[in-house]
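Q: Can you walk me through this one? I'd like to start with how the chains meet.
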Amino acid sequence: MSPFWLSLKLAFWTTILLIPIGLMIGRFLAYSDVRGRAWLEALVYLPLVLPPTVLGYYMLVTLSPNHVVGQSLSFVFNEPLVFSFEGLVLASLVVNLPFAVQPCQQAFSAIATDTREAAWVSGLSATKTFARIELPQCWLGVLCAATLTFAHTLGEFGVVLMVGGNIAGETRTLSIAIYDSVQAFDMPAASGMTVALLIFSILALVIVRVAGMQQRRIR
Amino acid sequence: MKKSATLSNNGALQVRLTQQTPFALNVSLQCARGELLALTGPSGSGKTTVLRSIAGLNHTASGYIAVNDRVWQDTETGQFQTAQQRRVGLVFQQYALFPHLDALDNVQTAMSHVARAKRKQRAQEWLTLANMDGLQHQMPHQLSGGQRQRVALARALAREPDVLLLDEPFSAVDQLTREKLYRELAQIRSTLAVPMILVTHDMLEVQQLADTLCLMHHGSTLQSGEVENVMQRPLNARIARLLGHKNVFSVKFTNHGVGGRLHAFGTCLDIPKPASSQWIPADGDQVDILVDPSAIIMHRPDKPSNGERENPISTVVAESVCLGNDVALKLKVESTGESIAFRLSRHVAKRNSVTLNSQLNVSLLAEGIHLMPHLA
């Protein structure tokens, strides 16, 4: 599989798997006032400030067959997760957690408390309030989360290289292929791929901005 | 009201709430069906907490809330029904409409107790009742403040509640709209057979809309009863001031054979003997008095009346402010310097040349003087 399609496949699975998680954690962080919430938030947003190589190192160690977690996951997936596409997806989920959580958290926080209370007083259960009142109001936040996660996964380099290595057709993503091309002085190939990433990144940011404006207009 | 839009026929609401934290609350109130009780008091007195507790959105440490025989909360037996289990119609201060749903869908959301096939038609009926015909497909952000309030009221009624709660529903609309909404609410409430509680700061609103009044301060009920009774006969000077009365004075009371005599404003005011059911001060007691503005009569040199002989006082106009058709006056008693608030209609003030610093003699009618125990 070409690096381009591999990156798209990785971004697709990361986004699909991460959005429900982002919604759940984002909602919890928006509404919960449990003690230790600051610690949980710090943990969720850690990938934003931690150097990718450091995160990649910990992922590599944790997923290796010598670690109890790596052993258990190998048993589940029938193969070691390091240097595999599945391992790449798992690492990508961790790296992109803040990009999925933050827009969702903001979207839930922006819903007026009395709107949720009005739903309860109107007889809607917590589940129905989520589905019929909260989710329709924060779908633009979910769109932002999905776009940012997808775009960031396409461009992720450090953690992908540490956990997935550079196996053609299996773990060689677009950003690694760009690095390879530059190392091999194949500038035209690198240039083509960087333009693709650049265009996609701009599109992603435009979507996020337009969604934000739309959200403000509705409120 | 259309037959399909009638409300359930439930009994009185009983509320007893106490808590120490996060702030002290000690409230007891009752509201009969069809009665509109105004819950009033300064900001932070706990009015909204009481309302939220009735709605099931707040859990007090100790409390009992019941509508007729249905207990919604009883901390002694550990009973607590959630907001979803209680049938409450709540109009929020900022209306809390669902911003992604049009007016019709906002109302339909509160109708899970109605068969799905009938919801749309019934929701339309509630909107009609709230004077929102033709606007059912407007989104909340396309509606004016008054229209949003009407949708919020329609949604609260669509729940077919056992209790209707209104949390300062008129605070976010302009004066013109407010008066229009007062009339609409007065019309709608005459068709409702459920207890209604209105939280408000506005005493004028209380007098126009409510049957009974519960005054709260620092989480406690200070006085409750029929609006007119509480307004005219507050239990003490603090309550009188919280109700917005300005003419509250501290005076000495002496017995005077058939009646009482108050030593105030540098003179003696004669009042009839208080009824035996009322609190009667002892001879020589310091008491507080409330003078009802409607019991202050202006002396007109061109047209003397018998009332002028009753408790006359000589004053000077110290302040004169035009408020619409009225002139709000502050009269300074010449002998003592005390101030009495008084209102006159503009044309009367003009005709009698009542201007700043002019002399104005008034009479305080005995029947409009209310005695209260003196607060130290």
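Q: How much area do chain B and chain A bury between them?
A: About 1600 Å², with 62% of it on carbon and sulfur atoms. Buried area here is the accessible area, taken with a 1.4 Å probe, that two parts lose on being put together, summed over both. The model is predicted: local features need pLDDT of at least 70, side-chain atom pairs count only at pLDDT 80 or more, and totals for chains, interfaces and linings use all residues. Residues are numbered from 1 along each chain as its sequence is written, chains are lettered from A and ligands numbered from 1 in the order in which they are written, and side-chain values use heavy atoms, with hydrogens and water left out.

Q: OK. How many residues are in contact?
A: 21 residues of chain B are in contact with 17 residues of chain A. Contact means heavy atoms within 4.5 Å.

Q: How many salt bridges does the rule find across that interface?
A: One. Arg52(B) pairs with Glu117(A), and their closest N and O atoms are 2.8 Å apart. The rule asks for a side-chain nitrogen of Lys or Arg within 4 Å of a carboxyl oxygen of Asp or Glu.

Q: Which elements of chain B supply residues to the side that touches chain A?
A: Helix H1 (47–55) and strand S7 (88–91) of chain B each supply at least two. Helices (H or I, at least four residues) and strands (E, at least two) are DSSP runs, numbered from the N terminus.

Q: And what are the residues on that side, nonpolar, polar or charged?
A: Twelve are nonpolar, six polar and three charged. Ala, Val, Leu, Ile, Met, Phe, Trp, Tyr, Cys and Pro count as nonpolar, Asp, Glu, Lys and Arg as charged, and the others, Gly among them, as polar.

Q: Switching topic. How many helices and strands are there in chain A?
A: Twelve helices and zero strands. The C-alpha atoms of chain A fill a box of roughly 65 × 40 × 30 Å, taken along the principal axes.

Q: Where does Phe83(A) lie?
A: In the loop between helix H4 (68–77) and helix H5 (85–95) of chain A. Phe83(A) has a positive phi of about 60°, although it is not a glycine.

Q: Now chain B. What is the order of strands in the sheet that includes S12?
A: S14-S13-S12-S15-S21, an open sheet with antiparallel pairing. Two strands pair if DSSP finds at least two bridges between them.

Q: Why is one side of S14 and S21 left without a neighbour?
A: Strand S14 (267–272) and strand S21 (369–373) of chain B stand at the edges, each with a single partner strand, so one side of each has no neighbour in the sheet. The twist averages 45° from one strand to the next. For such angles, axes are lines fitted to C-alpha atoms, for helices over the stretch in contact, and angles run from 0 to 180 degrees between N-to-C directions.

Q: How many bridges join S12(B) to S15(B)?
A: Five. S12 covers residues 248–256 of chain B. Ser250(B) has Asp288(B) in S15(B) as its bridge partner. Five bridges also join S12(B) to strand S13 (residues 259–264) of chain B. There, Phe253(B) stands opposite Leu262(B).

Q: What about S15(B) and S21(B)?
A: Strand S15 (residues 286–291) pairs with S21(B) in the antiparallel sense over five bridges. Val291(B) stands opposite Ile369(B) in S21(B).

Q: And the sheet with S16 in it, what order do its strands take?
A: S16-S20-S17-S18-S19 in chain B, open and antiparallel. Strand S16 (296–298) and strand S19 (339–345) are the edge strands, each pairing on one side only.

Q: How many residues sit between S17(B) and S18(B) in their hairpin?
A: Two. Gly324(B) in the turn has a positive phi of about 65°. S17(B) and S18(B) share eight bridges, and Cys322(B) has Val327(B) as its bridge partner.

Q: Then S18(B) and S19(B), how many residues between those?
A: Five, again in a hairpin, and Gly337(B) in the turn has a positive phi of about 80°. Val327(B) stands opposite Leu344(B) in S19(B).

Q: Last one. Which peptide bond is cis, with omega near 0°?
A: The one from Thr21(B) to Pro22(B). Pro22(B) is found in the loop between strand S1 (13–19) and strand S2 (25–31) of chain B.
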